[in-house]
Amino acid sequence: MASLEVETRVSMREVGVSLRAVLLGLIGTVVLAWLVPIFDLLVQGTWIASCHLPIGVFNLFVLLLVGNALLKTFKPRWSLTRRELLVAYCTMLVGSGLPSFGFTEYLFPTLAGTLYYARPENRWAELTFRYIPQWFVPWDVAEAARSLGGAVPEVGWWGALYSLLPEAFRPGGREVVRLFYEGTPAGTPLPLSHWVVPTFAWSLLALAFFFAIFCVSVLLRRQWLDYDRLTFPLTHPPLEMTEGVDEPRTIFAWLLRQRLIWLGALIPFVVHSVNGLHFYFPAVPEIRLSFPLNPYLTSYLFSQIGPFIAIVHFSVIGVAFLLPSDLAFSLWFFFFVFMGQSVLLTYLGWQLPNFPGYATPAHAGLQMLGAFFAIVTHLILVGRKHWRQVITNEPSLDEPISYRTALLGFLLCIGFATLWCSVAGASPSIAFLSWLVLFVIAIALTRFVSEGGLLFIQAFRPSDLFIAFVGTHPFTPRHLTVMAFVEKVFMFDLRTFLMPFFMDSFRIAKVTDIPLRPLTGAMWLSVLVSLISSSWSFLRLVYRKGANTMMQGAGAWFLQHSPRQVLDFTVAYIEQPRQPTPLSRSCFVIGFVVTLLLYRLRQLFVWFPFHPIGYAMGPSWPMIQLWFSTMLGWVMKASLLHYGGLGAFRRWRPFFLGLLIGEYLTAGLWLVLDYAFNKVGHRFFLF
């Protein structure tokens, strides 16, 4: 009888625990969503949510661990279990990317900047304003077109709907945008009501896109976790840091025994702290971590290799140490392969233009896109057994939702996204194809995070592929204008999109036996909370301070350069139509064939050292930043395995985990100090 009462109390406690874990995660999401615009735009320091192991989430998680250690010491009954801590972590993780690159910091500046930066000389109004749907933006499109000499758009059925709304919710004049960039005087109410309709319209598309991502993640979960057995390197820190939480000893005792972790953490702490003091007091010597190499390559043959810079990121060294050696080697090796391609083509007299808005040459970017399609093709071919289960809807009680629901949900969401773009004026067939191409790219990029441990990822827009194959002739100016907005917000920069967060959360849940369906509910609450909190925080900050006062670092990118790209590129395509070239199509085919060949060679020869992921990411912006640190991690791991064997690798593994922990905690510490002392522009991680 007594044992039954104990079991009953334990089970009731577990129910309460799960609720408070979700609540803690949602509170962390609100805090992070509120702080991201402040730190990105006002402090302009290290980005706290710009990668797939976000600094902000990690630091909030560490604070939660420390608080739990105190509870475990003084109030054991109130302490959190390992599962609770990880539920809170996953909840914060999923909502972390939306305030920055995932949605908020791209949406609002794009909608405001397209009017603020419009001038008669750039011809935006003349060539594109007539095609911008009124419900896209908070300002009056017809009035703006008239004032800038452009054609006045036709008043469609949306005009009649707007007339039914209260005056406050109708489009505003140019003042709405001017105050966005120049600031609202003290005592003046913020003109936020004009943003209600466009924010609601774009949020509907965002939720459809996010749910489609979730459905694809569900369809891939079993194949990647159970069949492919991917390692998910970015899940190792939270899993290992919570490993001893449920044991009788306190987490402090566990941490004190991990001397190598603290030794590893001490290195980035000392280095970044010295550099932080140098930032505050220039007389303090600086420890350089960034070394531009282009100035040393003076031959004309190296004139088109693009940015060549060696940057030391301690956390990247730590992650590279955790990767399979062939994958870590391939990531930096293929960076040099693509650089060699540029040198060879320069020698042959080729001019190597970049994709608009990217640092990657077009010939290399098209090989990347071909590699993405080959990776997804390979996943479908090797996962035939799994996909038969999906199609036949075999019982999947351990999934967040059934396969049938996931398939139907994906198709409905893609259909809604296509309809949304079609109502806005885009070609339905091309819009539908754009979303499908985006998901091919998204699946490949997620594979890079789940298998390759890349802290951040980046690819190209579907329109880059279309224009390379067929030119701009098939696309009307209306379609180009509408899809320019959509691509900028959702497709241009997938640095923090949701799919890798979902997949990492699924892996954490599998390792620790967290039920997926309640965890899924918590994650979706986090998405909604993050959207609302970050939108309010962003608009309030920008209207109070004025975007023009935050034009450094990330502020310059999000508030000035990025909004200008939207219609600059569109007008360029309208004025100077692009023609496809045989080289463009050939590069895509080369990327596709080489990737499949690499997969085949890996199947035939166990010793084959080249990984397709390395080839697919070789010329990308992430590898331009991370190649050197990845190479350092690979060299250190290879040396340990060669001279010390597997035992040395296991002994020193905590040290390299400490490199990541130390860099992340130090970044969080200096962000707080920079905010407290009103220091702007102190940034040392992921440029």
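In the predicted model, the largest nonpolar core comprises 237 residues. Within this core, the residues with the most contacts are F129, F180, W202 and F448. Helix 27 (residues 621–676) supplies the largest share of the core, contributing 19 residues. For F448, contacts beyond four places in sequence are made with F372 and I375, with G453, L454 and I457, and with I613, A616 and M617.

When residues up to four places away in sequence are set aside, T446 touches W224, F497, M499, P500 and M503.

The packing of helix 3 against helix 23 was also examined. Packed helices of this kind are described by the angle between their axes and the distance between those axes. Helix 3 (residues 82–96) and helix 23 (residues 516–545) pack at an angle of about 40°, and their axes lie 8 Å apart. Because of this angle, helix 3 is oblique to helix 23, as angles under 35 degrees would count as roughly parallel and those of 65 to 115 as roughly perpendicular. The crossing of helix 3 past helix 23 is right-handed. On the side of helix 3, the contact is formed by V87, C90, T91, V94 and G95; these meet L519, A522, M523, S526, V527 and S530 of helix 23. Classified by residue type, the contact between the two helices contains seven nonpolar and four polar residues, with no charged residues.

Methods
Residues numbered from 1 in each chain as written. Predicted model: local features only at pLDDT ≥ 70, side-chain atom pairs only at ≥ 80, totals over all residues. Heavy atoms only, no water. Contact = heavy atoms within 4.5 Å. Axes fitted to C-alpha atoms, helices over the stretch in contact; angles between N-to-C directions. Helix = DSSP H or I, 4+ residues; strand = E, 2+ residues; numbered from the N terminus. Parallel < 35°, antiparallel > 145°, perpendicular 65-115°, else oblique. Left-handed = near helix turned anticlockwise from the far one by under 90°. Nonpolar A, V, L, I, M, F, W, Y, C, P; charged D, E, K, R; others polar. Core = buried A, V, L, I, M, F, W, Y, C linked by side-chain atoms within 4.5 Å. Buried < 20%, exposed > 50% of the residue type's maximum accessible area, 1.4 Å probe, protein only.
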